[in-house]
Amino acid sequence: MIHVDMDAFFAAVEQRDHPELRGQPVIVGGDPAGRGVVATCSYEARHFGIHSAMTAARARSLCPQAVFVRPRMDAYREASRQVMGILRCYTPLVEPLSLDEAFLDVTAATTDGVLAVQIAREIRARIERETGLTASAGVSYNKLLAKLASDWRKPNGLFVVPPEHGLAFLAPLPVGKLHGVGPATVKKLSAMGIHSVLDLRNASREVLIAQFGKAGLWFYEVARGIDRRPVQTSRPRKSVGYERTFPQNLEDPKVMLSTLRQMAGQVSARLQTLGLAGRTVSIKARFPDFETVTRAHTDAQAIWRTEAIIACLPGLLAKAVPAGLPVHASVRLLGVTVSGLVNVEAVSPEAGQMNLLEESVDLR
């Protein structure tokens, strides 16, 4: 398996197309004078502590000299098309995860003695030569390790985790690095005294399943370097969403609504990155007693813009968290999802063109 991940993709395209931006702290995203957020930023900007999903205003305060650029999705999609075309020259088994990353199964390409690392090295060289952009790559025997490896020597790096080194590579990593282990799970594992992958490996399968259900079996296996997921060349997406479990329950409805609005920006950016729109907006609320409710609104027209999602939120929140009910006086989790997805090409021109002018974040 090879995982190819473009380096600071949106910002790198801007620096490629505008030479005066090279070497500068470039931030792609919304207006720092408004409610915009950072979609992505160049590595020069990351040195100042700027990262995806940060508010543009906060990014400006950390780096006053940063150059803010509005996203150009058409340019990013074209660069992505070039990159994915290069990847498919080596194997038909390519699974794009977004515009700027993909898994490749190169098993067949290595049967004649060619090493996977040689293929990864050639892919990276071709991407740079043909697109003017750099990519990092990870090579290993499954998706889990290939993706971890691609992040190991970023930017513009290549790292290999051979089978005999898989367990040793995983052992010291924080559990949060594992696929499927989010912040809420990290907190629960920490309470169990499990902080590293080695700690997780030392936990029994029975304990993990008792605590996490089916996910516990997944945690048990990935801690041992087992990942059976194949590369899927086509995988229809049913929804795009974002949710968050809070360290402390939220009690103020205004804070709940503000939090949902931030999530709407994140969901909108992800939809636009994937070239998708949807007709149903739903929110999820989980209460202190772990009761979970969802409320949904379906629109006649496809939705992708932040403001269109936000317009649905007050009514949905009022239905999900009714006023005056003590058990629902606070929430421990909130989420926003858009479903009923269609490709943007299928959206009528009257619905308007997709853009990232107001708010955008990169959720990768």
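**Close-up 1. Arg126 in helix α5 of the predicted model.** Arg126 sits in helix α5, which covers residues 116-131. Is this arginine buried or exposed? Its relative accessible area comes out at 17%, so Arg126 counts as buried, the cut-off being under 20%. Leaving aside residues up to four places away in sequence, Arg126 touches Ile86, Cys89, Tyr90 and Thr131.

**Close-up 2. Helix α12 from end to end.** At the start of the helix, look for Asp252: one of its side-chain oxygens comes to within 2.9 Å of the backbone nitrogen of Lys254. What follows α12? That would be Gly275, with a positive phi near 70°.

**Close-up 3. Where α12 meets α13.** Helix α13 takes in residues 306-320, and α12 packs against α13 at an angle of about 145°, the two axes lying 9 Å apart. The crossing of α12 past α13 is right-handed. Which residues make the contact? On the α12 side, they are Pro253, Met256, Leu257, Leu260, Arg261, Ala264, Gly265, Val267, Ser268 and Leu271. From α13 come Thr306, Ile309, Ile310, Leu313, Pro314 and Leu317. Sorted by class, the contact has 12 nonpolar residues, 3 polar ones and 1 charged one.

Conventions: Residues are numbered from 1 along each chain as its sequence is written. This is a predicted model: local features need pLDDT of at least 70, side-chain atom pairs count only at pLDDT 80 or more; totals for chains, interfaces and linings use all residues. Side-chain values use heavy atoms; hydrogens and water are left out. Helices (H or I, at least four residues) and strands (E, at least two) are DSSP runs, numbered from the N terminus. The expected span of a helix is 1.5 Å times one less than its number of residues. A polar contact is a pair of N or O atoms within 3.5 Å; within protein, one must be able to donate a hydrogen and the other to accept it, and residues adjacent in sequence count only if both atoms are side-chain atoms. Axes are lines fitted to C-alpha atoms, for helices over the stretch in contact, and angles run from 0 to 180 degrees between N-to-C directions. A crossing is left-handed if the near helix is turned anticlockwise from the far one by less than a right angle, and right-handed if clockwise. Contact means heavy atoms within 4.5 Å. Ala, Val, Leu, Ile, Met, Phe, Trp, Tyr, Cys and Pro count as nonpolar, Asp, Glu, Lys and Arg as charged, and the others, Gly among them, as polar. Buried means under 20% relative accessible area, exposed over 50%, partly exposed in between (1.4 Å probe, protein chains only).
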